Amino acid sequence: MDVTQGVLAGDTRAIARAITWVENGDSRGAELIRCVYGSTGRAYIVGLTGSPGAGKSTLVARLAGLLAAKGHKVGILAVDPSSPFSGGAILGDRVRMFDVALARNVYIRSMGTRGATGGLNRTTRLAVRILDAAGFDWILVETVGAGQSEVDVHDVAYTTVVVMAPGMGDDIQAMKAGIMEIGDLFVINKADREGADRAATQIESILQLSMATGWHPPVLKVSAEQNTGVDRVIEAIEQHRSYLVQSGQLDVLKVRMAKLDVLEILKARLVDMTKTQLDRPAVQAELNKVVNRQSDPYTLADSIFEQSWRKT
Ligand SMILES: Nc1nc2c(ncn2[C@@H]2O[C@H](COP(=O)(O)OP(=O)(O)OP(=O)(O)O)[C@@H](O)[C@H]2O)c(=O)[nH]1
Ligand SMILES: [Mg+2]
């Protein structure tokens with residue numbers, strides 16, 4: 001069985017290979033995406049973001065457990081730009097800790113900047129497509145909060161869950177980082193601790209200032225550790241999903257996602273192309289002029305840009 005067939009059959013070793021290919025910018029990855037893209041578009045993609053240590057991985061493990069118990073196949077991507085391995089490892093431990101029996105229906109992969117040729121955004125998008133093609137009907141993507149990661153999870157997901165914890169200064173940080181705009185629902189995790197009510201009230205009052213119509217993001221108090229309120233999170237995600245379907249927003253999002261898929265590939269190509277141009281011997285003389293201040297970076301960039309486009 002080749003890797004493409006393996007992915008379509010949901011074989012975890014094939015999935016792992018395929019994701020490594022797209023991470024490495026291997027041409028076999030591109031070929032695979034071409035072959036399997038027609039089988040994608042079925043999964044429901046949920047993004048989870050929030051400050052470090054808010055309990056995202058613990059919540060993801062709980063959500064995956066509940067979804068798997070309902071018979072779903074759940075793919076998890078833990079995107080951690082700082083450390084390529086630890087995020088997924090910790091998350092993996094958590095999932096195993098909660099329910100070994102369900103592990104068969106849950107696939108976890110961590111992704112870091114290392115090895116992510118062409119950027120983490122592009123790699124994350126393509127990895128989601130691979131999991132989608134592999135038949136995971138739910139895909140959960142964990143990233144650290146807006147502004148702290150190069151990956152904008154709401155560009156990948158249909159529903160974005162912002163995870164906060166009481167007493168972490170999250171409230172102030174949230175407003176700064178513009179995280180309030182991207183949340184379709186807000187989870188105040190660690191509700192077993194003091195301050196959860198206050199945090200929830202604060203978030204609700206900020207949300208009330210919003211002019212948004214249609215969907216009003218719920219604020220839920222959860223203890224991922226003690227497994228309380230997690231079912232409410234699934235319910236809220238389902239409600240948001242229904243809202244997107246009924247309002248026609250899901251179709252709008254799907255067009256946006258397709259555009260972004262193309263954009264990320266184009267961006268990676270342009271970067272490659274431009275780097276090749278910069279390394280051409282003919283450009284070295286021009287570059288020296290920039291070094292000697294006889295020219296400037298804009299002038300050289302203009303000339304390289306024109307030449308690249310004329311050639312292609
Ligand atoms: N008291 C309490 N602790 C929790 C809860 N959920 C998670 N924790 C703890 O908080 C710590 C961080 O949890 P993680 O799930 O790793 O948090 P995270 O947001 O994924 O962290 P990063 O990926 O490193 O940003 C761990 O020690 C958890 O055991 C909760 O509901 N209550
Ligand atoms: Mg984590």
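Predicted model: local features only at pLDDT ≥ 70, side-chain atom pairs only at ≥ 80, totals over all residues.
## Surroundings of ligand 1

Ligand 1 is surrounded by 17 residues, of which Gly-55, Lys-56, Ser-57, Thr-58 and Glu-225 are the closest. Sorted by class, this shell holds seven polar residues, together with five nonpolar and five charged ones.

Two helices, α4 (56-69) and α5 (86-98), each contribute at least two residues to the shell around ligand 1. The largest share belongs to α4, which supplies three residues.

## Helix α2

Helix α2 comprises 13 residues, 12-24, and spans 18 Å between its first and last C-alpha atoms, which is close to the 18 Å expected at 1.5 Å a residue. The residue that follows α2 is Gly-25, whose phi is positive, near 65°.

The buried residues of α2 are Ala-14, Ile-15, Ala-18, Ile-19, Trp-21, Val-22 and Glu-23, a list that includes the charged residue Glu-23.

## The largest nonpolar core

In soluble globular proteins, nonpolar side chains tend to be buried together. In this model the largest nonpolar core contains 73 residues, and within that core Leu-140 and Val-141 have the most contacts.

When neighbours within four places in sequence are left aside, Leu-140 is in contact with Val-46, Leu-48, Val-60, Leu-63, Ala-64, Val-74 and Ile-76. Among these partners, Val-60, Leu-63 and Ala-64 fall within the residue range of α4 (56-69), the helix that also supplies three residues to the shell around ligand 1.

## Two loop residues with positive phi

Lys-190, in the loop between β6 (185-188) and α9 (196-208), has a phi near 60°, a positive value in a residue other than glycine. Lys-190 counts as buried because 26 other C-beta atoms lie within 10 Å, where 20 or more are required.

Arg-293 likewise is a residue other than glycine with a positive phi, here near 65°, and lies in the loop between α12 (281-291) and α13 (297-311). Arg-293 has 7 C-beta neighbours inside 10 Å and therefore counts as exposed, the limit for that class being 12 or fewer.

Conventions: Residues numbered from 1 in each chain as written. Chains lettered and ligands numbered in written order. Near = placed C-beta within 6 Å. Helix = DSSP H or I, 4+ residues; strand = E, 2+ residues; numbered from the N terminus. Expected span 1.5 Å × (residues − 1). Core = buried A, V, L, I, M, F, W, Y, C linked by C-beta atoms within 7 Å. Contact = placed C-beta atoms within 7 Å.
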